[in-house]
Amino acid sequence: MFYGAIVWDPWLIVSQIVCLQCLYYLTLGLFMSILVGTRVSRMSLVYFFDFSALTISTTIGWSVIASFLLSAIAGAGFILYLIERAKKCLDFSATLYIIHLFICIVYGGWPSSFTWWIVNGTCLAVMALLGEWLCIRRELREIPITRYRSIV
């Protein structure tokens with residue numbers, strides 16, 4: 001085994017995907033409750049998974065879009081701490097949004113709204129690029145080397 005060589009560990013990858021997905025939905029729920037919950041009488045999963053909730057024609061629709069974008073920014077921070085590798089950011093971001101697409105299909109059918117595709121594509125790009133930028137900044141930091149002198 002060479003120094004720095006990464007061993008393929010499928011359990012680690014699956015646990016990172018599950019953890020990232022859970023943190024993403026927790027953050028999305030937090031932003032939805034703040035931005036959308038104050039404008040509607042009752043929150044439901046429609047705002048999370050139904051493509052018709054993502055609309056630019058209402059204030060609630062814009063609040064849902066803002067919640068998704070803020071969650072993508074937070075997701076980049078989660079990638080920084082969970083994944084820690086710049087070259088894996090796109091993979092994990094795409095996996096998160098593909099899983100989200102499958103959940104949306106099961107919940108409300110195929111997303112036929114152009115706005116849904118634009119918002120989720122933009123969120124995927126924001127999460128992947130911002131996460132990669134944050135990871136690269138961390139990887140390029142200098143490693144502090146301290147010298148200890150023995151007192152003799």
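User: Hi! How far apart are the end C-alpha atoms of residues 90-110, and how much of the span is helix?
Analyst: Hello! In this predicted model, those end C-alpha atoms lie 24 Å apart, and the span is 90% helix with 0% strand.

User: Thanks. And what about residues 116-136?
Analyst: That stretch is 100% helix and 0% strand, with its end C-alpha atoms 30 Å apart.

User: Where does UniProt list "transmembrane region"?
Analyst: The unreviewed UniProt entry gives that label to residues 12-40, 60-83, 90-110 and 116-136.

User: OK, zooming out: how many helices and strands does the protein have?
Analyst: There are five helices and zero strands, so read along the sequence you get α-α-α-α-α.

User: Now packing. At what angle do the axes of H1 and H4 cross?
Analyst: Roughly 65°, with the axes of H1 (residues 10-35) and H4 (residues 89-108) coming within 10 Å. The crossing is right-handed.

User: Which residues make the contact?
Analyst: From H1, they include Ile13, Ile17, Leu20 and Tyr24; from H4, Phe92, Leu96, Ile99 and Ile103 are among them. Counting every residue of this contact, ten are nonpolar, four are polar and none is charged.

User: Nice. What about overall shape: what is the radius of gyration?
Analyst: The protein has 19 Å, whereas a compact globule of 152 residues would be near 15 Å. Along the principal axes, the C-alpha trace spans about 75 × 30 × 20 Å.

User: Last one: what percentage of the residues is buried?
Analyst: Buried residues make up 33% of the 152. As for contacts between residues at least 6 apart in sequence, 74% join residues at least 24 apart.

Conventions. Residues numbered from 1 in each chain as written. Predicted model: local features only at pLDDT ≥ 70, side-chain atom pairs only at ≥ 80, totals over all residues. Heavy atoms only, no water. Axes fitted to C-alpha atoms, helices over the stretch in contact; angles between N-to-C directions. Helix = DSSP H or I, 4+ residues; strand = E, 2+ residues; numbered from the N terminus. Left-handed = near helix turned anticlockwise from the far one by under 90°. Contact = heavy atoms within 4.5 Å. Nonpolar A, V, L, I, M, F, W, Y, C, P; charged D, E, K, R; others polar. UniProt positions renumbered as here; feature names shortened; annotations may be inferred. Rg over C-alpha atoms; globule rule 2.2 N^0.38 Å. Buried < 20%, exposed > 50% of the residue type's maximum accessible area, 1.4 Å probe, protein only.
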